[in-house]
Amino acid sequence: MQNQPKNNSGGTPLLIIGAVFLIAIIGGWWLYSSSKTPPKPATNTGNSNNGTNAPTQKDIWERASLGAQPPHVLGSPNSAVTVEEFADFQCPTCASVQPLMKQITSAYGGRIKFIFRNYPLIQVHDKAYDAAVAAEAAGMQGKFWDMQNLLFTNQRTWVASANHRQQFADYAEQLGLNVEKFQTDMLGIPAKSRVDADLQRARSLQVRSTPTVYINGVEIPFSQVTVEGLSQYIDSELQKANAGKPAQGGATEPKAGESK
Amino acid sequence: MSASEELIEKTGGGFLSKLPILAAAVALIGLADSVYLTVKHFTGEKVPCSIVSGCEQVLTSEYAEIFGIPTAAFGALAYFAAFSLAVMTLYGDRRMWTLFGVQTVIMLLFTIWLFYLQAFVIGAFCQFCLLSAVTTLVLFLIFIGSKFFSGR
């Protein structure tokens with residue numbers, strides 16, 4: 001008798017438990033299906049043909065603190081379309097967009113100018129600043145992009161490592177760098193001041209999160225940071241560059257984008 | 001004798017009879033939380049990192065899955081079990097309260113491990129994981145409280 005529920009309430013606990021079970025399943029399914037809605041199609045509100053909003057955004061971008069000079073550039077430095085990414089090496093989302101950024105840079109090649117900016121979120125990511133410095137130190141031996149890629153692809157390893165600086169030195173060795181110079185450069189002012197300059201640029205642009213991608217000064221919403229989304233923005237900017245800028249009349253100078 | 005009268009008789013009456021109700025309610029919060037985390041795991045939504053909200057460092061870590069099953073799904077099961085045991089206690093089956101105690105101890109150990117991972121291995125916290133840690137701790141304290149007061 002002790003161990004059995006009372007007759008008059010025998011079904012009730014099971015009913016309650018069953019109901020909660022059903023609610024949990026249905027609720028979970030509802031959450032699942034509602035968050036599976038496809039992202040909004042690309043809006044070209046950022047284009048600077050004649051809106052008053054877009055040119056200001058581009059102005060801000062052009063007037064912002066310059067960042068590390070010269071920046072790390074892929075593609076053609078003279079291209080009319082600049083794609084600028086602000087990223088944090090310790091940010092998992094940045095690591096996950098790395099393959100698609102690579103796809104973009106290889107697909108467009110010399111037709112775009114791709115700039116990578118360090119924006120280590122030092123307040124929340126304890127190793128992000130060191131990683132950015134490591135990439136810059138590798139850059140001082142001409143291997144910035146290789147290190148940048150290694151840091152993203154091995155993110156989990158060095159983030160979990162008790163001695164991440166040793167990991168960075170191992171990556172430097174893998175890339176055939178002079179490890180001693182790499183380690184000295186990591187401690188030196190030049191690499192750090194490049195990271196700091198990029199940080200300053202990110203702050204003056206009020207970049208809120210990483211990764212943030214700008215295309216010709218227009219901040220691309222994160223939902224559009226996909227191969228298709230970015231291609232759409234780049235294509236429309238390329239088209240505009242080819243057609244010249246009607247808003248400015250015929251006074252546009254010929255662009256130097258074709259020859260390097 | 002109604003179920004609640006029986007419970008009062010078995011637990012010594014007073015506010016103690018309210019403890020399983022409280023436990024069931026807290027377990028429901030934990031259940032909702034872990035169902036949310038499980039769903040989030042499957043939809044794989046990527047969130048940009050920011051200083052204010054952090055990012056999905058914990059939920060994308062290698063500890064987000066155990067044997068290929070999302071860690072949060074284990075949480076959902078555990079909270080569902082805790083809820084069921086509390087409800088059955090409420091309806092007079094006192095053995096279930098002992099099982100509830102065993103359940104909360106297991107959950108607490110698991111929670112301590114997850115907290116350790118966040119603090120010392122991943123180096124980041126996840127808000128909804130911390131909420132789960134709190135609900136588990138409360139469930140455990142409710143059980144300890146029931147033993148402590150009925151022991152007098």
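How are helix 2 of chain B and helix 5 of chain B oriented to each other, roughly parallel or roughly antiparallel? In this predicted model, local features need pLDDT of at least 70 and side-chain atom pairs count only at pLDDT 80 or more, whereas totals for chains, interfaces and linings use all residues. Residues are numbered from 1 along each chain as its sequence is written, with chains lettered from A and ligands numbered from 1 in the order in which they are written.

Helix 2 (residues 19-43) and helix 5 (residues 127-150) of chain B pack at an angle of about 160 degrees, their axes lying 9 Å apart; helices are DSSP runs of H or I with at least four residues, numbered from the N terminus, and axes are lines fitted to C-alpha atoms over the stretch in contact, with angles running from 0 to 180 degrees between N-to-C directions. The two helices of chain B, helix 2 and helix 5, are therefore roughly antiparallel to each other, a term for angles over 145 degrees, those under 35 counting as roughly parallel.

In chain A, the buried residues of helix 7 (residues 164-174) are A:Gln167, A:Phe168, A:Tyr171 and A:Ala172, a residue being buried if 20 or more other C-beta atoms, placed from the backbone, lie within 10 Å of its own, and exposed if 12 or fewer do. Seen down the axis of helix 7 of chain A, its buried residues fall within an arc of 145 degrees, so they line one face of the helix; the arc is that of the directions from the helix axis to the C-beta atoms. On the other side of helix 7 of chain A, A:Gln166 and A:Glu173 are exposed. Helix 7 of chain A is followed by A:Gly176, which has a positive phi near 75 degrees.

Definitions and conventions: Angles under 35 degrees count as roughly parallel, over 145 as roughly antiparallel, 65 to 115 as roughly perpendicular and the rest as oblique.
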